[in-house]
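Me: I am learning how to read a protein model, and I would like to go through this one slowly, with questions and answers.

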Amino acid sequence: MTRLFMALWLALAGVAPLSLVTAIPAYAVQPDEVLDDPDLEARARELSRGLRCMVCRNESIDESNAELARDMRLLVRERLVAGDSDQEVVEFIVDRYGEYALLKPTTGGANWLLWAAGPLMMLLALGVGFSYLRTRQSATETGPGQLSDEEKAKLSKILED
Amino acid sequence: MIVELGHFALILAFLVACVQAVVPLIGAHQRWPGWMAMAEPAANAQFMLTAFSFGALTYAFVTSDFSVALVVQNSHSLKPMIYKISGVWGNHEGSMLLWVLILTLFGAMAAWFGGNLPPTLKARVLAVQSSVAVAFFAFIIFTSNPFIRMSVPPFDGQDLNPLLQDPGLAFHPPFLYLGYVGLSLAFSFAVAALIEGRVDAAWGRWVRPWTLLAWVNLTIGIGLGSWWAYYELGWGGFWFWDPVENASFMPWLLAAALLHSSIVVEKRESLKSWTILLAILAFGFSLIGTFIVRSGVITSVHAFANDPERGVFILMILGFFMGGALTLFAARASSMEAKGVFSLVSRESALVMNNILLAVSCFVVFIGTIWPLVAEMLFDRKLSVGPPFFDMAFTPFMVVLGAILPIGAMMPWKRAELGRSLRPLIPAFVLALSVAVLAFAMQTGRSALGPVGLFLGTWLISGAMVDVWSRTGRGAVAGRLSRLGRLPRADWGKAVAHGGLGVTMLGIAGLLAWQQEDIRVVQFNEPFEVAGFTLSLTDVQRIEGPNYISTMGWVDLSRDGRAISTLTPEKRFYPVAQMPTTEAAIDIGFWRDVYVVIGDPQANGGWAIRTYYKPLANWIWGGTILMALGGMLSISDRRFRVAAGAARREPTAGVPAE
């Protein structure tokens, strides 16, 4: 998927193709990585989807073709096999690679603003929208007073049909 | 020589734009007809000069003129002709030239079809449009000139990025640009109206077809990009919430809001200042998108060579136009008082709700896109905001939108009775609910995502059908059927676009909820099963293409012993660019796709093969096409053609009064 962004990037931004030489697609999860236990494997896939490949552009390790992503996938599976809970695996990765590795940002610190932005904006918009609708409900119909007769004629000609 | 002429034409177009941005504005202010009238020929000249310039660059690409630096960097003599042409916009400089070409095209179209506009408004619209063009001409000429020559031309070029050598992506940028550059005209109309100090129903009617045109193209552009990602990237994803994608999605959401709110301006003379604000912001988000994409600020983490000078230039353009327009808005918006009176339950209120949902969801996408930058600058935290955030924060708004849309679409203007609007929808609701319950009962212990998506999709589609049917009035079925064909195209457009949204929702729900994946090492002629299909790898060969080398596998696909097709997934290697690509093989079906990708040969024999079963995948793009088609039906509605100035050519006696 790195390539999608590279391509979109190129299509839109026009970056010299030279910078793309490093892309080495094979594909994401390789057959030899898959765990024998289907439950553990399903958890590994789910976790991988939420972890960022550190050297890629906005790509989870589940989709990435990079070597590092493979290492991280193997690491996740290693921890799962060792008996870690999902939470522990994520903490392990964050300890090692930093908060940057989380594709789903935490709610801690200033991040509450990110998570609350949508709902807060919605409440605000609903409030403004509702009060606007209230004024419309009680307003009195006003005619097109400020138009001259000539303009009125023109307007009705344009709007007729 | 032709390249130099193109370069010269570009500079000339810049100068024409400078004049056009000033003279008509003064003319409109002083009521000097001659000064206002110059806008029209100037807009034509600007467009033709830019078109010539673009033609000259295309000529350089087609003839593989390797004395032009841009051609060297993005073309190769062996490349198929279609990709030589698409190479023109497959890079920063050329795509900026396409950008201004479309900008001037919209300016020229406003001149061609603006016969009905009052002369002062028309002059101001064209002047504002031209001032945007001035900024972008300057950007190209001073920071991104596509016509630079090489002092020592090389023997051959460096080839276009192989991923761009694809029919889906070749036409993705032009549509995308027709979309978000097209919003510039809505912006120009908004600013011109603010300068005029007046917005009336006619303004709403003039601005709507342009918004629709931009929105239709943006829809097609985004759809093409998503379809390309699906078949080209090797695992069948269709949307990634990447900043570059969000950059095109935000204007799409606002344009959708704008084309609904301008209906309220036209029909009810309300929501005027909000509509003006939306028109300004929609284009503002196009500019923000351009900034995000070309500055590299937000996705800068893994360095693509980007020129900070370009980013700063675009930021200045953004600051100037948004700052100027919003200041003007603050000064003038209060003079646009609303006229229409309507109750809390009415079509108007429903459209207000539509606007709230679309605008807030756009805001969520915006916050998520810029948050990494904000967090790093203000809180010194390096973090990521990825798909899991957007899925959680964005989806609820779309669910609410889908749930209330069919009800709002049925409501009459001014005053509605909820019961009366809901009653005809009961069959649609029952149908949607039974589809959802059936899906829930049939699936085995998975999330509610699939059933909810199926409910919304079915509800939207059947709701759109009820909407169209209810327009035919009362009486015998035969009479209503015959009236169906005579409905205004705008009514059909509305139903088709809303139904299209439903089809897309069905596709997304089906794909996300019931997709199956299989990764394994496959030996020759050892069949394996995926989702009830039997696949068998029969052969792998090395094949030479025009400018690539391919490793192609042959996979027989069958079901219950019945052969369906032979799929040929490929891995290609482009030697000039030193880049591999995957070409998935897809057995496309109405209800499902079977998607096969070939990987690497394994050390102990066999090949890695990845197989996906993707239910309803094509509905995503089918719905996109329907949405675009709905928009086009609406544009072709008679009243827009009349409003666009075609009235002058129609014999007035032949038009019956309605």
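Me: What is the handedness of the crossing in which α10(B) passes α11(B)?
Reply: This is a predicted model, in which local features need pLDDT of at least 70, side-chain atom pairs count only at pLDDT 80 or more, and totals for chains, interfaces and linings use all residues. Residues are numbered from 1 along each chain as its sequence is written, while chains are lettered from A and ligands numbered from 1 in the order in which they are written. A crossing is called left-handed if the near helix is turned anticlockwise from the far one by less than a right angle, and right-handed if clockwise. For α10(B) passing α11(B), the crossing is left-handed.

Me: How is α10(B) oriented relative to α11(B)?
Reply: The axes of helix α10 (residues 201–232) of chain B and α11(B) cross at roughly 155 degrees and come within 8 Å, where axes are lines fitted to C-alpha atoms, for helices over the stretch in contact, and angles run from 0 to 180 degrees between N-to-C directions. Angles under 35 degrees count as roughly parallel, over 145 as roughly antiparallel, 65 to 115 as roughly perpendicular and the rest as oblique. The orientation of α10(B) to α11(B) is therefore roughly antiparallel.

Me: Which residues of α11(B) make the contact with α9(B)?
Reply: Helix α9 (residues 172–196) of chain B packs against helix α11 (residues 243–268) of chain B at an angle of about 50 degrees, with their axes 11 Å apart, and the two are therefore oblique to each other. Two residues are in contact if their C-beta atoms, placed from the backbone, lie within 7 Å. On the side of α9(B), the contact is made by Leu176(B), Tyr180(B), Leu183(B) and Ala186(B). On the side of α11(B), the residues are Ser248(B), Pro251(B), Ala255(B) and Leu258(B).

Me: How many nonpolar residues does the contact of α9(B) with α12(B) have?
Reply: α9(B) and helix α12 (residues 272–295) of chain B pack at an angle of about 140 degrees, with their axes 8 Å apart, which makes α9(B) oblique to α12(B). Ala, Val, Leu, Ile, Met, Phe, Trp, Tyr, Cys and Pro count as nonpolar, Asp, Glu, Lys and Arg as charged, and the others, Gly among them, as polar. Among the residues that meet are Phe187(B) in α9(B) and Phe283(B) in α12(B). By class, this contact has no charged residues, three polar ones and, for the nonpolar class, 14.

Me: What is the radius of gyration of chain B?
Reply: Chain B has 22 helices and ten strands, where helices (H or I, at least four residues) and strands (E, at least two) are DSSP runs, numbered from the N terminus. The globule rule, 2.2 Å times the number of residues to the power 0.38, is set beside a radius taken over C-alpha atoms. For 658 residues the rule gives 26 Å, and chain B comes close to this, so it is as compact as a globular protein of that length, with a radius of gyration of 27 Å.
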